[in-house]
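Please look through the sequence and the model shown below before reading on. The report that follows moves from the whole chain to single residues and pairs of side chains.

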Amino acid sequence: MGNCVSLEMSSDGNGMHIDEANLEALQKAIQELNERRDDLLKRVIIEEDKGFQRLGQVQEWFSKVEVVEPQVNDLLESRSKQTKRLCLCGYCSLHFISGCSYGRKVLKKLNEVKGLLTNGVFEVLTERSFKPKGEKKHIQSPIGLTERLEMVYCQLQLYSRRTFGLYGMGGIGKTTLLASINNFFIETVNDFEVVIWVVVSNDLQYLSIQDQILRRLSLDKDWEQDTEEERAKEIHNILKGRKFMLLLDDLGSKVDLAKVGVPPITYQNGSVILFTTRSKEVCEDMDAVSIEVKRLSIAESWELFQKQLGDNTLNSHPDIPALARVVAGKCNGLPLALIVIGKTMAQKKTVQEWSHAITALNLPSEEFLLSNEGGVLPLLMVSYDSLESEKLKSCFLYCSLFPEDYEIEKHELIEYWLCEGFIDGDRDKDGANKEGLDIINLLVSSHLLMNGGVTTKVKMHGVVREMALWIATDFGKQKEILCVKSGVWLQQIPEDIISSKVVRRMSFMNNQIAEISCSLECPDLSTLLLQNNKLVDISGEFFRFMPAVVVLDLSENKRLIGLPEEISNLGSLQYLNLSHTGIKSLPVGLKALRKLIYLNVDYTYKLRSIVGIVMSLQNLQVFKFYNSGVCINARLLEELQVLEHLKLLKATVDDAVSLERIQGVDRLASSIQSLCLRKMSAAVVVLNTVALRGLQRLVIRNCKILEIKIDWESKERKEVIPITSSPSFENLSSILISDLEGPRDLTWLAFAQNLVYLHVMRSSSIEEIINKEKGISIRSAHRHFVAPFRKLEYLTVTDMAELKIICGYPRAPRKLTEFIVRNCPKLPQSLRDNGESSGWIGGE
């Protein structure tokens with residue numbers, strides 16, 4: 001930054017001059033400050049998208065930088081004028097006095113910028129908006145739970161020992177029971193300060209256990225670089241003074257809790273540990289009170305089975321109720337079998353189909369009888385066999401590549417299936433594949449997949465996953481064709497896999513692999529999942545001998561900054577995911593991947609340009625660069641227009657001209673699902689509901705826009721939508737607005753009639769979200785419009801200094817389930833305290 005910080009004036013016979021060192025130091029300092037600001041902002045945005053909120057001191061620092069930057073720029077711009085004045089005038093000149101004043105301003109700003117640089121070092125940038133006691137679990141079937149819960153609660157009261165093991169065979173309902181206990185202690189008033197849920201992997205990875213505990217205890221701290229011992233110490237320090245409940249699901253062997261960092265559990269400190277296991281011996285090894293989870297009674301089994309079937313199936317033929325009781329009996333009181341088989345049989349409405357199912361249940365597969373779970377797997381096999389086509393079976397088995405209890409994004413799963421050739425590649429106008437969605441819905445309805453915590457995700461029951469892995473390897477006879485080492489904390493790719501000639505799919509996701517220098521000689525490999533590792537470097541040798549790979553997922557490797565040119569060897573590649581990586585540029589070798597139909601570089605903040613590469617990928621159907629360093633400009637827009645097969649686009653735009661241009665290209669604009677407007681400065685920005693008819697998510701970040709207007713005139717057809725038609729965004733369900741300067745209201749949101757999620761934060765000029773008079777004017781013009789926010793479910797407004805009114809309409813949205821208000825001093829007290837809808841209108 002330069003060592004000279006004083007203003008020096010000297011006489012050389014020709015007048016006075018200002019020390020150039022100060023000006024140069026100021027220029028360097030403001031450049032460094034801007035870079036620091038940009039780096040911190042990228043980190044903050046990533047964490048905010050995960051549900052965190054930036055700290056007040058961090059936001060205050062950003063605000064100060066925003067104020068000082070234009071002031072410094074003004075000083076630097078007037079540099080030549082001041083220098084010229086001093087050169088032309090003498091000591092007593094008014095210009096000399098002006099020059100002295102200018103010099104003092106330079107010195108003052110230099111010190112101010114240096115102070116911001118000194119203070120702009122933050123170990124922690126964000127924090128959770130709130131930290132609940134625990135995370136509520138979704139319970140599939142409550143039948144029989146009441147009696148089981150009462151039995152467990154009695155045991156908790158009776159024993160002075162505070163460690164309890166729930167044991168029983170796979171599929172008997174241990175996890176459901178543990179989830180019920182979790183929910184009970186979260187939702188009821190009790191002395192526990194925190195309830196911690198941990199899924200234990202089959203090969204007992206202590207780092208994984210510690211990782212899950214730390215995520216619950218210290219969400220705003222980065223512990224990934226800590227050793228196992230350092231993590232254990234941190235966990236111990238946090239828990240030793242707290243009354244906690246630790247729930248460990250699916251222990252296969254003894255866990256050394258001291259090694260994890262869990263302090264000793266005593267009757268005096270009141271903490272409790274509960275775990276599930278298939279082995280009573282594990283309970284003994286853990287010195288735990290053993291509680292057997294027993295099968296459902298005949299009556300409970302029949303009740304659960306009936307619930308899955310439904311009345312339509314039971315009443316479809318007079319003989320079916322009796323046959324259904326036989327099938328229910330064959331499930332041996334196992335809830336998982338009753339649910340899965342019940343869901344399958346709900347589609348069977350002839351006596352012949354039911355008789356066939358009974359025969360199948362009487363003749364379990366030999367291979368399953370030899371497996372460890374011979375009791376439940378042959379029962380589940382009936383549901384697998386009932387899948388009507390090899391296509392359905394292939395899609396189902398593919399889901400076993402993901403870790404235990406892992407929630408899979410539906411749209412990503414469908415993209416994998418498309419590239420593997422399991423389903424046809426036809427897409428709807430919005431880029432979705434209806435066949436893929438239908439298959440997911442069918443697998444969920446059959447309970448072979450389960451809905452995740454959010455509607456966009458699905459997951460697989462642990463026992464069902466075991467069955468899928470068993471079947472996928474030809475009942476264990478060809479284990480080498482599938483390599484699934486996901487979520488087991490691998491440091492490197494295992495040696496025995498490197499030269500496997502027959503392996504078809506590999507999953508190394510959710511591990512700790514940092515470097516890949518080996519060469520995989522796998523001519524039949526089609527899927528390679530490496531997401532969420534610690535990858536820093538991948539050698540070119542790695543890609544030399546994988547000619548059949550169609551799916552390559554490298555997402556969530558934040559330290560990965562580049563790919564080798566040898567990626568061009570993957571001539572069959574159709575799917576490439578580089579989202580959430582540190583990638584700085586795309587290799588030229590990517591141009592050779594002519595079969596690529598899916599490219600994802602979302603959240604790649606260091607990626608600056610993809611010009612020259614995209615136009616070579618002429619089969620591209622899905623292209624995502626949302627919230628990345630790449631923004632649409634004139635050159636990129638030209639290249640995008642070459643992609644004739646493009647159906648789905650997620651994009652970032654940073655200037656109003658480019659936004660207007662892309663909305664003028666109907667084929668491209670209509671394919672945009674997610675749009676991020678970032679650092680845009682304009683008096684007016686126009687959003688066209690016809691052009692952006694596929695838009696589902698809109699983000700406006702760090703923009704200076706005086707007014708946002710909505711237009712519904714077709715840019716290509718030169719026509720206006722009839723007044724009887726809807727001019728609104730039909731698919732727009734999620735909007736996030738942060739750090740927006742300029743507008744006093746956001747009444748244009750009335751055109752998002754199907755909005756479900758709305759988050760508005762740190763936008764100091766906004767006084768109203770919906771202005772009543774403007775809202776009435778819009779409804780008068782479009783009489784079929786309902787009042788704003790009729791479908792809104794989640795609303796967050798934070799750090800809005802001038803906000804007085806949420807909405808000028810008297811009633812809060814009927815569907816509103818979460819309403820968070822923070823740091824909005826001019827809103828009514830009822831809103832600020834509790835987010836109560838009684839203060840919905842706001843104002844005086």
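## The chain as a whole

The protein chain exposes about 37300 Å², and carbon and sulfur atoms supply 49% of that area; accessible areas come from the Shrake-Rupley method with a 1.4 Å probe, and for residues only the protein chains shown count as cover. This is a predicted model, in which local features need pLDDT of at least 70 and side-chain atom pairs count only at pLDDT 80 or more, while totals for chains, interfaces and linings use all residues. Residues are numbered from 1 along each chain as its sequence is written, and side-chain values use heavy atoms, with hydrogens and water left out.

Of the 844 residues of the protein chain, 54% count as buried, where buried means under 20% relative accessible area, exposed over 50%, and partly exposed in between (1.4 Å probe, protein chains only). The protein chain contains 27 helices and 33 strands; these are DSSP runs numbered from the N terminus, helices being H or I with at least four residues and strands being E with at least two. Among contacts (heavy atoms within 4.5 Å) between residues at least 6 apart in sequence, 63% join residues at least 24 apart.

## Salt bridges

The structure holds 31 salt bridges, a salt bridge being a side-chain nitrogen of Lys or Arg within 4 Å of a carboxyl oxygen of Asp or Glu. One of them joins the side chains of D739 and R54, at 3.6 Å from N to O. This pair links distant parts of the chain, since D739 belongs to strand 28 (residues 734-741) and R54 to strand 3 (residues 52-54), 685 residues apart. Both D739 and R54 are buried.

K259 and E228 form another salt bridge, with their closest N and O atoms 3.9 Å apart. Because K259 lies in helix 9 (residues 257-260) and E228 in helix 8 (residues 228-239), the pair ties together parts that are 31 residues apart in sequence. K259 counts as partly exposed because its relative accessible area is 39%, and E228 is also partly exposed, at 22%.

## Residues in loops and at a strand end

Which residue other than glycine has a phi near 50°? That residue is R762, whose phi is positive, and R762 is placed in the loop between strand 29 (757-761) and strand 30 (768-770). With a relative accessible area of 8%, R762 is buried. D405, which is not a glycine, has a positive phi of about 65°; D405 sits in the loop between helix 18 (390-398) and strand 10 (408-409), and it counts as partly exposed because its relative accessibility is 38%. Most residues other than glycine have a negative phi.

D711 lies in strand 25 (residues 697-711). Leaving aside neighbours within four places in sequence, D711 is in contact with V686, L687, N688 and T689. The C-alpha atoms of D711 and T689 are separated by 6.3 Å, although these residues are 22 apart along the chain.

## A negative patch

D424, D426, D428 and D430 form a negative surface patch. Patches are made of residues with over 30% relative accessible area and no salt bridge, like charges being joined within 9 Å and nonpolar side chains (Val, Leu, Ile, Met, Phe, Trp, Tyr) within 5 Å. D426 lies in the loop between helix 19 (410-420) and helix 20 (434-445), and D426 counts as exposed because its relative accessibility is 62%.

Methods:
Lys and Arg count as positive and Asp and Glu as negative; His and the chain ends are not counted. The place of a charge is taken as NZ of Lys, CZ of Arg, CG of Asp or CD of Glu.
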